[in-house]
Amino acid sequence: MKKRLYLITALIFFTFLTNNCKDLTEDKLTVFNKSIQYEQEKKYDLALKEMQKLQKEFSEDYFTNLRLGWLYFNNKSYSESIKYYNNANKLAGNKSIEALLGLTYPLDAQTKNDELINVYKRILEIDNNNYTANLKLGIIYYYQKNYQNAKSFLTKIHNFYSSDYYINLYLGWTYFYLNNKNAAKHHFIYALINDSNDSSAKQGLASCR
């Protein structure tokens, strides 16, 4: 009798747990869909309010934290955005490139260049040839007038994306300031092939003559 009662109790508990999980999953899907719809309408505050419904129940969910990071950024709540992007990265074993790339948005908005550089370098520890991290580091060092470092990151990805507009433009100016006008001219020409009206590339090419 006791054994039968135990089995019935266990079955009831399992049924409750299964149904409860099902409800939570369905709630999650509904909230995500509504939030995305609001975002498409550029109603970022409403998109965030929807996702905030999941903050407690899905605090250990990667996708929830990732989306909260994105929406807090769009609502200019940068500290909260950083918090949730960091949470997402931790939940992915500190190896989420998309969470780390997301983290760069609020850091960039606050002009926290030292922290920004560290995040891009963390990405390169996971993916050494990552396009975005190498390009952004190259651009950051370019504006810091650290042209040797800029060249190092930009030339690395130029081998993979030789026709890329941004790489060629910034390599053009980097080589120009390193007094290598022949190399600079080459890259300005390729930047202009991408955009024949680009004023920066036109100015660079004229400066090489």
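User: Is the crossing of helices H3 and H5 left-handed or right-handed?
Analyst: This is a predicted model, so local features need pLDDT of at least 70 and side-chain atom pairs count only at pLDDT 80 or more, while totals for chains, interfaces and linings use all residues. Residues are numbered from 1 along each chain as its sequence is written, and side-chain values use heavy atoms, with hydrogens and water left out. A crossing is left-handed if the near helix is turned anticlockwise from the far one by less than a right angle, and right-handed if clockwise. The crossing of H3 and H5 is left-handed.

User: At what angle do the axes of H3 and H5 cross?
Analyst: Axes are lines fitted to C-alpha atoms, for helices over the stretch in contact, and angles run from 0 to 180 degrees between N-to-C directions. Angles under 35 degrees count as roughly parallel, over 145 as roughly antiparallel, 65 to 115 as roughly perpendicular and the rest as oblique. H3 and H5 are therefore roughly parallel to each other. The axes of H3 (residues 62-74) and H5 (residues 97-109) come within 10 Å and cross at roughly 20°.

User: How many nonpolar residues does the contact of H3 with H5 have?
Analyst: Contact means heavy atoms within 4.5 Å. H3 brings Tyr-62, Leu-66, Trp-70 and Phe-73, and H5 brings Glu-98, Ala-99, Tyr-105, Pro-106 and Ala-109. Ala, Val, Leu, Ile, Met, Phe, Trp, Tyr, Cys and Pro count as nonpolar, Asp, Glu, Lys and Arg as charged, and the others, Gly among them, as polar. By class, the charged residues number 1, there are no polar ones, and the nonpolar ones number 8.

User: How many helices does the chain have?
Analyst: Helices (H or I, at least four residues) and strands (E, at least two) are DSSP runs, numbered from the N terminus. The chain has 0 strands, and its helices number 11.

User: Why is the pair of Tyr-141 and Phe-153 stacked, and how far apart are its parts in sequence?
Analyst: The ring centres of Tyr-141 and Phe-153 are 5.8 Å apart and the planes are at 10°, so the pair is stacked. Tyr-141 lies in helix H7 (residues 131-143) and Phe-153 in helix H8 (residues 147-158), so the pair ties together parts whose separation in sequence is 12 residues.

User: Is Tyr-143 buried or exposed?
Analyst: Tyr-143 forms an edge-to-face pair with Tyr-142, at 5.1 Å centre to centre and 75° between the planes. Buried means under 20% relative accessible area, exposed over 50%, partly exposed in between (1.4 Å probe, protein chains only). At 11% relative accessibility, Tyr-142 counts as buried. Because its relative accessibility is 56%, Tyr-143 counts as exposed.

User: Which residues does Gln-110 touch, not counting residues up to four places away in sequence?
Analyst: Gln-110 is in the loop between H5 and helix H6 (113-126). With a relative accessible area of 28%, Gln-110 is partly exposed. Not counting residues up to four places away in sequence, Gln-110 touches Tyr-78 and Ile-82.

User: What distance separates the C-alpha atoms of Asn-86 and Gly-69?
Analyst: Asn-86 is in helix H4 (residues 78-91). The two residues are 17 residues apart along the chain, and the C-alpha atoms of Asn-86 and Gly-69 are separated by 8.5 Å.

Key. Phe/Tyr/Trp six-rings, centres within 6.5 Å; stacked < 30°, edge-to-face > 60°.
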